[in-house]
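Dear colleague,

I am passing on a structure for your files.

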Amino acid sequence: MATLEIHDLHVSVETETGSAEILRGVDLTVKQGETHAIMGPNGSGKSTLAYSLAGHPKYTVTGGTVTLDGEDVLEMSVDERARAGVFLAMQYPVEVPGVSVSNFLRTSATAIRGEAPKLRTWVKEVKEAMARLNMDPAFAERNVNEGFSGGEKKRHEILQLELLKPRIAILDETDSGLDIDALRVVSDGVNRVRENGEVGTLLITHYTRILRYIKPDHVHVFAKGRIVESGGPELAEQLEAEGYERYVKGGASA
Ligand SMILES: Nc1ncnc2c1ncn2[C@@H]1O[C@H](COP(=O)(O)OP(=O)(O)OP(=O)(O)O)[C@@H](O)[C@H]1O
Ligand SMILES: [Mg+2]
């Protein structure tokens with residue numbers, strides 16, 4: 001069973017004025033089949049955690065460990081992480097000019113599976129997955145994220161998730177900017193991927209709305225670069241009612 005283990009993770013980012021520590025000792029274990037929701041105030045480091053796990057070069061790990069099934073993730077290149085099954089759906093997905101969705105997906109699948117998917121079955125696979133996400137087939141020929149609406153970007157991320165079948169899926173605010181119908185379509189997609197019990201999901205969100213569709217097993221409060229409280233789904237409701245004030249005021253400041 002795939003287990004992502006994050007232990008005492010410290011991460012810094014280089015800024016014009018020097019280096020700033022963003023993550024200050026994150027501890028988290030995500031097992032295959034589990035869904036963990038991470039909630040926390042703006043700027044607390046949630047996206048930094050997501051990027052650090054995916055291996056974004058901007059972020060420097062200054063301490064701690066991350067392992068997937070005991071393998072050192074921090075030693076892996078970005079590609080190796082993807083091949084090992086770590087998938088990141090970004091809060092702000094980037095444009096890839098000149099590369100069509102269809103080619104992008106096939107290249108990614110080739111990288112992850114170690115061989116190019118057979119063209120005929122692949123085209124069918126993509127078509128079916130797009131239909132499930134209510135995506136216009138013409139979308140496959142558009143350039144990745146170029147001129148995509150916010151909701152289209154998020155659907156495209158879930159399309160990748162469905163086709164690439166990662167072992168650890170990190171979804172950074174996949175719900176932001178989605179209308180009610182799109183939220184349902186996207187949630188259904190995530191749930192389909194979760195159904196086989198083979199993926200561990202890390203769901204970063206600001207709203208309990210999505211958690212009504214994608215039921216988390218664990219909810220964590222992220223504040224000032226670390227997890228400050230963990231609980232079950234009821235913790236999300238409590239946060240929505242009470243806000244983060246008691247986690248951010250006083251105490252643990254830098
Ligand atoms: N590349 C960077 N350069 C400078 N500062 C950065 C960089 N990346 C992150 N930071 C800073 O790190 C802190 C955490 O940012 P991060 O994006 O991880 O927060 P977040 O919890 O995802 O917030 P939000 O809920 O608004 O998405 C912020 O103060 C941010 O300005
Ligand atoms: Mg963020």
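Which side chain does R246 meet in a salt bridge? The partner is E229, at 3.5 Å from N to O. R246 belongs to helix α9 (residues 245–248) and E229 to strand β12 (residues 226–231), so the pair ties together parts that are 17 residues apart in sequence. R246 has a relative accessibility of 45% and counts as partly exposed; E229, with a relative accessible area of 26%, is partly exposed as well.

Please keep in mind that this is a predicted model. Searching the whole structure gives eight salt bridges.

Another of them joins R113 and E125, with an N to O distance of 3.2 Å. Here the link runs from helix α3 (residues 101–113), which holds R113, to helix α4 (residues 119–132), which holds E125, so parts twelve residues apart in sequence are tied together. R113 is partly exposed at a relative accessible area of 38%, and E125 is partly exposed at 24% relative accessibility.

E240 and R212 also form a salt bridge through their side chains, at 4.0 Å from N to O. E240 sits in helix α8 (residues 234–242) and R212 in helix α7 (residues 209–213), so this pair ties together parts that are 28 residues apart in sequence. The relative accessible area is 43% for E240, which is partly exposed, and 48% for R212, which is also partly exposed.

Finally, R132, E162 and R192 are joined into one network by salt bridges that share partners.

Regards

Terms used: Residues numbered from 1 in each chain as written. Chains lettered and ligands numbered in written order. Predicted model: local features only at pLDDT ≥ 70, side-chain atom pairs only at ≥ 80, totals over all residues. Heavy atoms only, no water. Helix = DSSP H or I, 4+ residues; strand = E, 2+ residues; numbered from the N terminus. Buried < 20%, exposed > 50% of the residue type's maximum accessible area, 1.4 Å probe, protein only.
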